[in-house]
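Subject: Structure handover

Hello,

Below is the structure I said I would pass on. My notes on it follow.

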8 protein chains.
Amino acid sequence: MKKQNNIKVAIVMGSSSDLPVMIEAAKILKQFGIESKIDVISAHRTPKRMFDFATGADKKGYKVIIAGAGGAAHLPGMIASATTLPVIGVPIKSSNSIDGWDSILSILQMPNGVPVATVALNAAQNAGIIAAQIIALSDKAVAKKIVQHKADLEKKVMNSLKEIDKVKI
Amino acid sequence: MKKQNNIKVAIVMGSSSDLPVMIEAAKILKQFGIESKIDVISAHRTPKRMFDFATGADKKGYKVIIAGAGGAAHLPGMIASATTLPVIGVPIKSSNSIDGWDSILSILQMPNGVPVATVALNAAQNAGIIAAQIIALSDKAVAKKIVQHKADLEKKVMNSLKEIDKVKI
Amino acid sequence: MKKQNNIKVAIVMGSSSDLPVMIEAAKILKQFGIESKIDVISAHRTPKRMFDFATGADKKGYKVIIAGAGGAAHLPGMIASATTLPVIGVPIKSSNSIDGWDSILSILQMPNGVPVATVALNAAQNAGIIAAQIIALSDKAVAKKIVQHKADLEKKVMNSLKEIDKVKI
Amino acid sequence: MKKQNNIKVAIVMGSSSDLPVMIEAAKILKQFGIESKIDVISAHRTPKRMFDFATGADKKGYKVIIAGAGGAAHLPGMIASATTLPVIGVPIKSSNSIDGWDSILSILQMPNGVPVATVALNAAQNAGIIAAQIIALSDKAVAKKIVQHKADLEKKVMNSLKEIDKVKI
Amino acid sequence: MKKQNNIKVAIVMGSSSDLPVMIEAAKILKQFGIESKIDVISAHRTPKRMFDFATGADKKGYKVIIAGAGGAAHLPGMIASATTLPVIGVPIKSSNSIDGWDSILSILQMPNGVPVATVALNAAQNAGIIAAQIIALSDKAVAKKIVQHKADLEKKVMNSLKEIDKVKI
Amino acid sequence: MKKQNNIKVAIVMGSSSDLPVMIEAAKILKQFGIESKIDVISAHRTPKRMFDFATGADKKGYKVIIAGAGGAAHLPGMIASATTLPVIGVPIKSSNSIDGWDSILSILQMPNGVPVATVALNAAQNAGIIAAQIIALSDKAVAKKIVQHKADLEKKVMNSLKEIDKVKI
Amino acid sequence: MKKQNNIKVAIVMGSSSDLPVMIEAAKILKQFGIESKIDVISAHRTPKRMFDFATGADKKGYKVIIAGAGGAAHLPGMIASATTLPVIGVPIKSSNSIDGWDSILSILQMPNGVPVATVALNAAQNAGIIAAQIIALSDKAVAKKIVQHKADLEKKVMNSLKEIDKVKI
Amino acid sequence: MKKQNNIKVAIVMGSSSDLPVMIEAAKILKQFGIESKIDVISAHRTPKRMFDFATGADKKGYKVIIAGAGGAAHLPGMIASATTLPVIGVPIKSSNSIDGWDSILSILQMPNGVPVATVALNAAQNAGIIAAQIIALSDKAVAKKIVQHKADLEKKVMNSLKEIDKVKI
């Protein structure tokens, strides 16, 4: 039976429309053998639910929270205000965002004392990798998979060289 | 005896260092004969206090909330998430802000359903005037003072013409 | 017979091409039981008409003016110069706008004394909500509907959780 | 006796605090032998005066209007809406401007049909030169002085070469 | 027989791919009864031709030069360096431009002494109107047509009101 | 005797001129009882040293790397390319940076597979807090201190209220 | 038999997806009679390979290195850190780039001592031309072809005039 | 007797006020044993002189041209239009520049066919290094000095470590 405390990473987003971006975090974590739970929590439309989630995340056994949002993206920072767990923020270039600048700045520019570890625009996969790197510090199986993943990245580049060799100038 | 419910406007800011900017809202409101209460409420450092304030503001008799913040400025938007009162946001060019762009975008770009009425960078006085315009809709004394204030603005421009006439080219 | 003074909100825009954006303000106001009147008033092409509208809006019984424009968007600010009613500005990402930056800055950055309450890019719905929040201060029926709308927003998020549960990673 | 219709260029600005920038237009025009009149006209604080000025400028004998403003800089565009004279806009980096971006965009990005000829940030001197170039089309004395001014610019560069030769590396 | 000196406005552009934008200047000028000549002159690929054009434009009878370019848009400024005629610059959002910002800044930000009268991004029509406004100062027929054009703009807005009235909310 | 493997956090920066910013990471870590080692490692001037550091950091016992840099800030990303430890990047507004934009974008916008957890401009203290949050996942003493620190932040806000009460409007 | 040391220009890019942009460098070099070698070298996914390439480029007989990358584009700068050959950087507007701004700033803003000669966004052809200009300093055949290419550019403009003449206004 | 053709690098700038920035190019070149000639050539105020310089630079024996300018910075690109020598552009943050953005974009964003090798804002030293790298391809003495310079950069970093060791946290 799967127990809640085996799920180490919570992946939350402001709207279900963010799912196509945020699912990449879950996918890469799965590849690393890390269970995650995806949830939709809106800082602006479900503020109470957000605070309950953030203040209780620690006790539920989560180790890392990944939070994605777009526009005036308050979700990652507000979760960080109510937990001491590491919070990784994913700025999303949503339909109401100005080319992503608002998403980036409202996640990144947190004041002293309440940090959000921000990744590139739409880079939920990278958020998943940071979460895995954190978990790997006390989980050798994950650590090994991250090393393997890094090797795979390199292999992929090397394989792409074959395409290049076929190119006609 | 002064009662709480005579105070129609709450002026809140994320840090006491924002006071020199935000006090201008209180000053113009005073000029219009409107009492206000200044408070320091940090979305990130006192989130519970913020929510208690926002959810209770209506019952305390406030009609309008003016909220100022800088950097990843979540205070106005998070207050708006927990009240149905009109919230006026003042983006502040604080020391940790990138020329004010982060402050502006994280206040202005709120999602559908949870608006913040945003004014210009550091323009707390204008936030005060909007609050007064709202209150004036049901308070003729305030309405009269706003009309007078508009006339004064014009007079000030006309007076400055004398300086111009003295200018030598 | 419908009388003019039942219409509390004027919704004006610089061009009829702005209608698909601005109509959202009228729709949400209708949902709150507030009548509005849509008009096309160009600051640059019908300046006299604009001034007549702005100076007379108060007497026509309007309580709030919502004004949308794009590019060098002068309409909201110029209306604000000639009325003491609250003016809510909607920056529009029109075809001649540079990603909306010109629309935002020329509406938001009003000088001291003449404020425009600005909402997010294209966020006419939010302008409608602010107008409703203002009217709700003296209209309990509207106030109740705004509370309901806030609850609906939350419900919508909660409903979207079902989709999330079906997602395969 | 000096008559009004000898004054060919009106130089207007939104606030007397813009004078140190805008006076450069008057100075260069004087150097070209062109009389100008400096005035403070605020689009936002003296809108009626602005419209009276703009609609009457033609009949007063003005040939060109130079208008400077900062922040949400509506003055040049609004004057252009009410006159058929050429309007030259000077974006001013005033204290309430965001590095001048708001001033530039709200002057430059005028819609089709109502142009403002915009110069560089704070470049009132260049506004004066354009005005002179326009007047020179029907005034040979001015034309000659503009040619001379161009030669002087070149001479100034050539003179600066002497400084360069003295430089030790 | 058409003589060269009847052509009062030169419309030049850096590349024939700019023609769909720049032709709007010629069209509006034609509407005002002003002849213009369209030419492709590249500051970077035909520099000598550009200088010959710019230095000789005056003698050919041109009164105004309209120059459009995109990216590192040097054409308007370099023409201005070699003529004393008024030069109107049209920043073009060409395929190699970064959202038009490079085009705008490299045309607008000319140093003191060598101005370019800049219009909005892609706003060749407005460049044509400024040229017409300049020519109208000494040509009553043109002046009359500009007044008429302004009236037409207003009429167009008024006509669009009918569409608005049909809108269902 | 202090052993190397007690030092859990490496704090590296591109230039010793970055020290006044980066030392804040060491200070907050010290407050949390976490030893750190400060080093100057330039991606561009000591690339071999950087790679030796990055590839060996894991074996030296480091758990987290904090890397700060300004301008074309490659240090955090390049370290991330050669380690599987979590890397926290601090964009620095150094003298050669364009208002910090270059520093932020060249640290934040890492490609998929090689993340850098980025904090706000100059926010080395926040980088230290994230490092502590990560270490706290397996160190209860640190966890307790972080909880305390959060309480202190709140207390500080509450204390500032006294200043506010003394303010005269 | 083709020998490695006849290949004077190395064209490297961070990902094979950059090939459609970067191949333009190879094409123009071929037109100038200069052999080049295209390679995929990722600063972040194959850092060791990158350093081996950069430190050995000189001895392999390369004279110039052209490096293209997008997003947090570290490849050109990191190669420059490990070679004394001239490095030309091509900022690429890749899918993960924010309109190219990140690509430009992280290539252009290199610190003193480690330059990258940067070209326009996606302008790999121009990178090829700079490489050719460098090689032409000691290769008269190439020099001649560059002169011819410049003449061809002019011819192309002149030919486009025919299209213009056919245009109807 | 010093002959002109020993001077391999021309360093030109738009105004003598750019000298404090541009002299760094001459200084680093001197350190590499390369003679350079500093000149003030304004694209806008001395266009004919600029073209004469650019078209004749090749025959005077120059191998590389370094050109610095600010604002609408046309000098580097216009020189590149009239020479086949490599042109290195230095964007200068001059007093009339908008934080350097105009300088960067109007130098960097050259069209296909006419490249400028651009360095960081104010980075004249780096322009000098690129020039030296180019010359070093056929001058072993210079090549050796560049290698030495790279080693010195590394040494400087290593020396700064001593300062770091003294720091108290």
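In what follows, axes are lines fitted to C-alpha atoms, for helices over the stretch in contact, and angles run from 0 to 180 degrees between N-to-C directions. Helices (H or I, at least four residues) and strands (E, at least two) are DSSP runs, numbered from the N terminus. This is a predicted model, in which local features need pLDDT of at least 70, side-chain atom pairs count only at pLDDT 80 or more, and totals for chains, interfaces and linings use all residues. Residues are numbered from 1 along each chain as its sequence is written, chains are lettered from A and ligands numbered from 1 in the order in which they are written, and side-chain values use heavy atoms, with hydrogens and water left out.

Helix packing in chain G

Two packed helices are described by the angle between their axes and the distance between the axes. In chain G, helix 1 (residues 19-31) and helix 5 (residues 124-136) have axes that come within 7 Å and cross at roughly 35 degrees. Contact here means heavy atoms within 4.5 Å. On the side of helix 1 of chain G, the contact is made by Val21(G), Met22(G), Glu24(G), Ala25(G), Ile28(G) and Leu29(G). Helix 5 of chain G supplies Ala124(G), Gln125(G), Gly128(G), Ile129(G), Ala131(G) and Ala132(G). These residues divide into 9 nonpolar, 2 polar and 1 charged; Ala, Val, Leu, Ile, Met, Phe, Trp, Tyr, Cys and Pro count as nonpolar, Asp, Glu, Lys and Arg as charged, and the others, Gly among them, as polar.

Salt bridges

A salt bridge is a side-chain nitrogen of Lys or Arg within 4 Å of a carboxyl oxygen of Asp or Glu. By this rule there are 24 salt bridges over all chains. For the accessibility of the partners, buried means under 20% relative accessible area, exposed over 50%, and partly exposed in between (1.4 Å probe, protein chains only).

Glu24(G), one of the residues in the helix contact above, forms a salt bridge with Lys27(G) at 3.6 Å, N to O. The two are 3 residues apart in helix 1 of chain G, so about one helical turn separates them. Glu24(G) is partly exposed at 30%, and Lys27(G) is partly exposed at 39%.

In chain A, Asp52(A) pairs with Lys48(A) in a salt bridge whose closest N and O atoms are 2.7 Å apart. Both sit in helix 2 (residues 47-56) of chain A, 4 residues apart, which is about one helical turn. Asp52(A) is partly exposed at 44%, whereas Lys48(A) is exposed at 58%.

Arg49(E) and Asp39(E) form a salt bridge with closest N and O atoms 3.1 Å apart. Arg49(E) is in helix 2 (residues 47-56) of chain E and Asp39(E) in strand 2 (residues 36-40) of chain E, so the pair ties together parts that are 10 residues apart in sequence. Arg49(E) is partly exposed at 23%, while Asp39(E) is buried at 13%.

Buried parts

Helix 4 (residues 101-108) of chain E has 8 of its 8 residues buried, so it is largely enclosed by the rest of the structure. Among them are Trp101(E), Asp102(E) and Ser103(E).

Thr118(H) lies in strand 5 (residues 117-118) of chain H and is buried, with a relative accessible area of 0%. Leaving aside neighbours within four places in sequence, Thr118(H) is in contact with residues of chain G, including Val116(G) and Thr118(G), and of chain H, including Gly89(H) and Pro91(H).

Relations between chains

Copies are superposed by least squares on the C-alpha atoms of residues with pLDDT of at least 70 in both. Chain E is superposed on chain D by a rotation of 180 degrees with 0.0 Å of shift along its axis (RMSD 0.0 Å). That is the relation of a two-fold axis. The same surface serves both copies, since 100% of the contact residues of chain E recur in chain D.

For chain A on chain C, the rotation is 90 degrees, again with 0.0 Å of shift along its axis and an RMSD of 0.0 Å. The two copies are thus related as by a four-fold rotation axis. The C-alpha of chain A nearest the axis is that of Asp99(A), 5.7 Å from it. Only 12% of the interface residues of chain A are also interface residues in chain C, so these copies meet through different surfaces.

No contact joins chain B and chain G, whose closest C-alpha atoms lie 16 Å apart.

Regards
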